[in-house]
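Biologist: Can you put the model up? I have a few things to go through with you.

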Amino acid sequence: MRAVAEFIMRGRMQATAVVVGAALLPLFFWLSAAAVSLVLLRRGVSAAAGLLFWGALPGAVWFHYGEPRLLLVLLGAAALSQVLRATVSWARVLLMSVPLALLFAWVIDLALGATLRETAEAVQPMLGEMLKQLDPNAGAEVLAQMQAYVVPVLGGIMAAMLQLSAVLSLVLGRWWQSLLYNPGGFAAEFQALRLNPLAAFSLLALALMGPQIDPQLAVLLPVCSIPLTVAGVALVHGLVSQARMATFWLVGLYVGLILLTQLVLPLIVLLAVADSLIDFRGRKRSKGPQDPADGEG
């Protein structure tokens, strides 16, 4: 990956080749966004504007044919990169990703709303069967309430995946920048990432209470979960680094997030919320290194 970063930073033509080449391949849209992020972080908006333009051209073509991921992630990663460049704060990046994801959800509804509604109609029989198994006495009104959440939840999940893709593209770009110009800098930044209590509890409240207020606000559940999840993962990285534990624990974390999402994800979110109050890494640092000779004359 270092070789890719070096090639991107070699010159404008090389960077454009990577951005456009990756943008032409739907499965590599993240590489295009990461390349733009690297150039923007290192050289600023003026240097990245041309890359963004050339990357957006194939993105617009894909968008026309019903594939909005490239264009949205490319523009989203660029916006978040500018936030990080201006503030040097990953917490602010994560908070700004929430309104960005809501914009994604709006665009998805415009571009794919009909498809989402068709999907909601297709799963209607499945919802009916599930409801009968859970509560045989439930009536049509309960089923209608469940169906009202399907489209917002599907749109929210899609928006959250694009939100996460934009954040991870920025992570890759920042890591590349660290490899080339500031070895170890990204690790220190990421491991120190921590949301303040107001931000953490606001995100948690929006995620839990939004769907209770209105079915359309169900989009907030997955969207607000992304910043808390990333903060929780950063917490685990920081604790593992401080304790000098084996990378096995990090591998287990990511395997759990993939295979046991419903169990591990809420735990990570709660850890992030608790860390906003307690600051686990700060408490561990405040204890200082333990001197093996303490107590010995």
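Modeller: What follows goes through the fold, the pocket, the surface and a few residues of this predicted model.

Biologist: Start with the fold. How many helices and strands are there in the chain?

Modeller: The chain has 14 helices and 0 strands. Its C-alpha trace spans about 75 × 60 × 30 Å along the principal axes. Of the 297 residues, 44% are buried.

Biologist: Pockets next. What volume does the largest pocket have?

Modeller: About 850 Å³ for the largest pocket. Its lining is made up of 32 residues, and those nearest the centre are Ser 225, Ile 226, Thr 229, Leu 257 and Leu 265.

Biologist: Which elements give two or more residues to that lining?

Modeller: Helix 8 (140-181), helix 9 (185-191), helix 10 (197-213), helix 11 (220-243), helix 12 (248-259) and helix 13 (261-278). The largest share is from helix 11, with 10 residues.

Biologist: And how do the lining residues divide into nonpolar, polar and charged?

Modeller: There are 27 nonpolar residues and 5 polar ones in the lining, and no charged ones.

Biologist: Now the outside. Which residues form a nonpolar patch on the surface?

Modeller: Met 1, Leu 24, Leu 25, Leu 27, Phe 28, Trp 30 and Trp 175 form one, with about 710 Å² of accessible area together.

Biologist: Take Phe 28 from that set. Where is the place of Phe 28?

Modeller: Phe 28 sits in the loop between helix 2 (12-23) and helix 3 (29-43). Phe 28 has a relative accessible area of 38%, so it counts as partly exposed.

Biologist: Switching to charges. How many salt bridges does a search of the whole structure find?

Modeller: The search finds 6. One of them joins Glu 6 and Arg 2, with the closest N and O atoms 3.1 Å apart.

Biologist: Why are Glu 6 and Arg 2 separated by about one helical turn?

Modeller: Because they are 4 residues apart in helix 1 (residues 2-8). Glu 6 is partly exposed at 35% relative accessible area, and Arg 2 is partly exposed at 40%.

Biologist: Give me another. What about Glu 67 and Arg 69?

Modeller: Glu 67 and Arg 69 form a salt bridge in which the closest N and O atoms are 2.9 Å apart. Glu 67 is partly exposed at 21%, and so is Arg 69 at 30%.

Biologist: Then Asp 275 and Arg 281: buried or exposed?

Modeller: Both Asp 275 and Arg 281 are buried. They form a salt bridge too, with the closest N and O atoms 2.6 Å apart.

Biologist: How far is Asp 275 from Asn 196 in space?

Modeller: The C-alpha atoms of Asn 196 and Asp 275 are 8.7 Å apart, while the two are 79 residues apart in sequence. Asn 196 lies in the loop between helix 9 and helix 10 and is partly exposed, with a relative accessible area of 40%.

Biologist: Last topic, backbone. What is phi of Arg 244?

Modeller: Phi of Arg 244 is near 55 degrees, a positive value in a residue other than glycine. Most residues other than glycine have a negative phi. Arg 244 is in the loop between helix 11 and helix 12, and it is exposed, at 79% relative accessible area.

Biologist: And Asp 279, what phi does that have?

Modeller: A positive phi of about 60 degrees, although Asp 279 is not a glycine. Asp 279 is in the loop between helix 13 and helix 14 (280-287). Its relative accessible area is 21%, so Asp 279 counts as partly exposed.

Notes:
Residues numbered from 1 in each chain as written. Predicted model: local features only at pLDDT ≥ 70, side-chain atom pairs only at ≥ 80, totals over all residues. Heavy atoms only, no water. Patch = residues over 30% accessible without salt bridge, like charges linked within 9 Å, V, L, I, M, F, W, Y side chains within 5 Å. Areas by Shrake-Rupley, 256 points an atom, 1.4 Å probe, with all protein chains shown as cover. Salt bridge = Lys/Arg side-chain N within 4 Å of Asp/Glu carboxyl O. Buried < 20%, exposed > 50% of the residue type's maximum accessible area, 1.4 Å probe, protein only. 1 Å grid on protein atoms, 1.4 Å probe; cavity = no way out; pocket = protein on both sides within 12 Å on 5 of 7 lines; lining within 4 Å. Points joined across faces, edges and corners; volume = space filled by probe spheres on them. Nonpolar A, V, L, I, M, F, W, Y, C, P; charged D, E, K, R; others polar.
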